[in-house]
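Subject: Structure handover

Hello,

Here is the structure I promised to pass on. Please open it alongside this note; my findings follow below.

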Amino acid sequence: KGDGRRLPCPDADNGLAECDAMETGRGGALRRALPAPRAPRAPRALPALPALCFGLVFAMSGLHAGAAPAASFSPRNPVQPPDTFTLTGSGFGHGVGMSQFGALAMAKAGMSASDIVTYYYQGTSVASVTDDQSVVVSLEYRKKQISMRGESTQGDGTVQANLGGTLVVAQPGEHFVFEGQGGGVSVAKVAGDVREELGNFPSVNVTWSGLINVIDKGGRFGSEGHRYRYGSIDVLPTGGVERTRLHAVNTVRLHDEYLYGIAEVSSSWPDAAMQAQVLAARTYAMSAVEKGLRKACSCHVDDGRGPYSDQTFAGWAKESGPKGDRWVAAVQGTHTSESTGLVILHGESPIRAYYSSSSGGATQASADQWGGALPYAQSVPDPWSLTEDNPNRSWTVVASQQDMARAFNAEQVVRVDVVARDPSGVAKTVQATLADGSTRKRSGGQLQRALGMKSAYITTIDGREGVP
């Protein structure tokens with residue numbers, strides 16, 4: 001999250017519905033039995049828990065305890081490439097900043113939202129700031145056609161399109177169709193079997209009473225999700241005259257309208273865990289607004305399906321979904337007035353509050369993940385991510401010979417080892433040994449993407465730890 005990478009919820013409906021399955025405890029068993037976590041060192045007193053000695057293995061990295069001797073290659077000693085490679089690991093996502101499942105475990109241990117975020121974002125504070133500014137959210141990105149209709153929940157179901165200063169109304173049962181054409185937005189109104197062409201415009205602003213239902217060319221109005229209650233939507237052309245495509249962006253108030261639709265954690269989680277997510281989401285959005293509109297999407301933040309995948313914005317589906325009233329209450333619990341809310345600050349500025357589902361036992365520094373050092377995004381111990389609530393505390397991927405060879409751009413691969421790790425335990429460098437004895441290297445992130453792994457926290461490859 002927050003780095004332009006999509007981390008879909010496996011049980012979500014088109015990436016929009018809430019994923020309560022995060023609490024079902026799916027996922028493989030731990031590679032080794034772990035005692036209950038203890039609170040990592042934090043800037044404040046935390047409840048004491050049994051010790052978890054996961055740091056020792058990094059301190060002993062010079063011993064290369066898990067490394068096996070290299071295979072011997074010669075014409076008389078051929079090595080048969082294996083059919084598959086088995087990789088085990090932990091965590092889901094980039095591992096920078098707050099761990100969402102870590103926040104869940106800390107909340108269950110009695111820590112507050114402020115305790116949680118100031119631990120994961122070292123050197124920060126939580127303070128009240130003005131947050132009633134507008135934020136522009138990308139809903140549809142570079143689509144050939146977008147359709148919108150009104151629904152009477154919360155209003156009368158009418159939709160109003162501003163077409164060059166003329167307001168055209170679609171009554172309940174009618175809908176607008178927008179298409180990219182000739183560098184502009186071609187608009188039609190559809191009532192039953194009758195389609196009325198309304199012209200081509202530089203852009204279109206849409207408002208409504210009730211809910212607005214937004215779909216692209218392949219979507220269905222009757223499916224779940226893609227409904228929005230607040231603000232207005234602008235339909236904007238992009239791509240030029242020859243190949244015009246459309247953006248649909250929703251302008252809403254950050255203080256509440258945007259945050260009510262953030263679908264990042266289950267609404268059944270403890271209040272402190274949800275409020276920690278609210279603080280991270282509000283802070284991330286504020287930092288995005290300060291940077292200004294992005295040219296690629298004409299937006300500050302992406303809803304999770306466009307070019308950046310900043311934060312999953314589900315709109316009305318979150319607020320009206322299972323236990324949605326608890327999520328709304330969590331947002332309101334971080335308000336300090338009608339126009340101010342709690343934000344995570346480094347000095348006097350809102351931070352870029354990166355977060356992901358979980359780490360592999362220690363969060364990753366932003367410098368190790370992306371190359372940009374941030375003082376509040378350093379590696380910190382994260383045993384909270386390894387508790388039983390996290391379905392991704394342990395995972396296994398079996399890669400075929402073909403997939404592994406493709407990952408290293410080789411004909412065949414005999415062996416793969418982790419040969420360097422970041423301080424967090426993330427595989428920094430993975431080395432493949434080929435049949436002729438030569439080697440090729442990839443970063444852990446490259447291998448993660450090539451094999452579709454949940455993270456680069458690779459624990460073992462074919463049972464070998466490599467560099468511990």
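Strands β4 (residues 134–143) and β15 run antiparallel and are joined by 7 bridges. This is a predicted model, so please read every value below as computed.

β14 and β15 form a hairpin, with 6 residues between the two strands. In the turn, G239 has a positive phi of about 100 degrees.

How many residues of β15 are buried? Of the 9 residues in this strand (residues 245–253), 7 are buried, so the strand is largely enclosed by the rest of the structure.

Next, the cores. The largest nonpolar core has 79 residues. M98, Y121, M148, F178, V204 and Y258 have the most contacts inside it. Helix α5 (residues 271–291) supplies the largest share of this core, 13 residues. As background, nonpolar side chains tend to be buried together in soluble globular proteins.

Beyond four places in sequence, Y121 touches G97, M98, A280, I344, I351, A353, Y354, Y355 and Y376.

Two more residues to check:

- L342 sits in strand β17 (residues 340–346). Its relative accessibility is 25%, so L342 counts as partly exposed; the cut-off for buried is under 20%. L342 and V278 are 64 residues apart in sequence, yet their C-alpha atoms are 9.0 Å apart in space. Leaving out neighbours within four places in sequence, the contacts of L342 are V126, A127, S128, L279, R282, T334 and T336.

- K189 belongs to strand β9 (residues 184–191). Is this lysine buried or exposed? K189 counts as buried, because its relative accessibility is 16%. A polar atom of the K189 side chain lies 3.2 Å from the backbone oxygen of V169. V169 is also listed among the residues in contact with K189. Others beyond four places in sequence include V168, A170, E174, H175, F176 and L198.

Over to you.

Best wishes

Notes:
Residues are numbered from 1 along each chain as its sequence is written. This is a predicted model: local features need pLDDT of at least 70, side-chain atom pairs count only at pLDDT 80 or more; totals for chains, interfaces and linings use all residues. Side-chain values use heavy atoms; hydrogens and water are left out. A nonpolar core is a set of buried Ala, Val, Leu, Ile, Met, Phe, Trp, Tyr and Cys residues joined through side-chain atoms within 4.5 Å. Buried means under 20% relative accessible area, exposed over 50%, partly exposed in between (1.4 Å probe, protein chains only). Helices (H or I, at least four residues) and strands (E, at least two) are DSSP runs, numbered from the N terminus. Contact means heavy atoms within 4.5 Å. Two strands pair if DSSP finds at least two bridges between them. A polar contact is a pair of N or O atoms within 3.5 Å; within protein, one must be able to donate a hydrogen and the other to accept it, and residues adjacent in sequence count only if both atoms are side-chain atoms.
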